[in-house]
Amino acid sequence: MTTILHVDSSPLGTASVTRQLTASIVEALVKADPAATVVTRDVAANPPAHLDGELLQVVKLGVVEGLSPRQSEELALTNALLDEFLAADVVVVGAPMYNFSIPTQLKAWIDRLAQAGRTFRYTAKGPEGLAGGKRVIVASGRGGVYSTNPALAGLDHQEAYLRTVFGFFGITDVTFIRAEGIGMGPEAKDKALAGAAKEIEGLLVAA
């Protein structure tokens with residue numbers, strides 16, 4: 001049975017383009033596989049805490065003895081997020097572009113996933129991803145147009161980062177469904193959404 005992890009990160013609620021896209025993507029995937037199980041994670045509504053000095057000790061440095069109540073709680077959350085991610089066959093991520101990058105809440109979620117020994121490991125030949133074999137579909141919302149504009153491509157630290165970090169985890173099957181130019185007026189936004197809808201229809205063929 002296929003497990004789909006549906007992750008949203010936009011705080012805009014019903015006004016969010018990426019939430020609209022992720023909902024459509026998940027709907028298409030379930031249509032292709034009605035027996036699939038969908039697990040939802042809203043990192044905007046319930047954002048993981050950022051890694052301050054206290055949390056780095058347990059989340060990144062592996063300290064497990066003498067933990068404070070907060071550290072114990074955050075370690076449990078980290079393990080839950082990791083288990084949820086690793087158990088998924090398909091991960092659908094809503095990722096709006098904020099200031100050329102991703103929302104801070106989404107970055108905090110990724111920081112919890114980046115765990116040596118769980119999603120990657122270091123070897124004598126360099127890092128090796130441990131979370132391969134799954135498919136990631138990113139719903140990318142962007143106010144401008146970056147993918148077809150060489151002059152702006154260098155400003156894209158959103159999709160480039162996501163492709164890099166999922167690749168670091170060993171995931172090579174990463175698809176981006178883009179709605180670009182949504183900040184360039186109603187007509188451009190409608191065109192972007194229509195184009196994204198066609199790409200989502202194509203997922204039924206590729207699923």
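# Exercises on helix packing and aromatic pairs

Helix α4 (residues 104-113) packs with helix α6 (residues 159-168) at an angle of about 10°, and their axes are 12 Å apart. This is a predicted model, in which local features need pLDDT of at least 70 and side-chain atom pairs count only at pLDDT 80 or more, while totals for chains, interfaces and linings use all residues. Residues are numbered from 1 along each chain as its sequence is written, and side-chain values use heavy atoms, with hydrogens and water left out.

**Exercise 1.** Classify the packing of α4 and α6 as roughly parallel or roughly antiparallel, and describe the residues in contact.

*Solution.*
1. Angles under 35 degrees count as roughly parallel, over 145 as roughly antiparallel, 65 to 115 as roughly perpendicular and the rest as oblique.
2. The angle is about 10°, which makes α4 roughly parallel to α6.
3. Contact means heavy atoms within 4.5 Å. On the α4 side the residues are L106, K107, W109 and I110, and they meet Y161, L162, V165 and F166 of α6.
4. These residues comprise seven nonpolar, no polar and one charged. Here Ala, Val, Leu, Ile, Met, Phe, Trp, Tyr, Cys and Pro count as nonpolar, Asp, Glu, Lys and Arg as charged, and the others, Gly among them, as polar.

**Exercise 2.** Describe the aromatic pair of F85 and W109, and state which parts the pair ties together.

*Solution.*
1. Rings of Phe, Tyr and Trp (its six-membered ring) pair if their centres lie within 6.5 Å; planes under 30 degrees apart count as stacked, over 60 as edge-to-face and the rest as tilted.
2. The structure holds six aromatic pairs. In the pair of F85 and W109, the distance is 6.0 Å centre to centre and the planes stand at 80°, which is edge-to-face.
3. F85 lies in helix α3 (residues 69-87) and W109 in helix α4, so the pair ties together parts that are 24 residues apart in sequence.
4. F85 and W109 are both buried (under 20% relative accessible area; exposed is over 50%, partly exposed in between, with a 1.4 Å probe and protein chains only).
5. Ring pairs also link F85 and W109 with F166 and F169 in a cluster.

**Exercise 3.** Decide whether F176 is buried or exposed, and describe its surroundings.

*Solution.*
1. F176 is placed in strand β7 (residues 173-180).
2. Its relative accessibility is 6%, so F176 counts as buried.
3. Leaving aside neighbours within four places in sequence, F176 is in contact with V138, S140, E159, L162, R163 and E199.

Key. Axes are lines fitted to C-alpha atoms, for helices over the stretch in contact, and angles run from 0 to 180 degrees between N-to-C directions. Helices (H or I, at least four residues) and strands (E, at least two) are DSSP runs, numbered from the N terminus.
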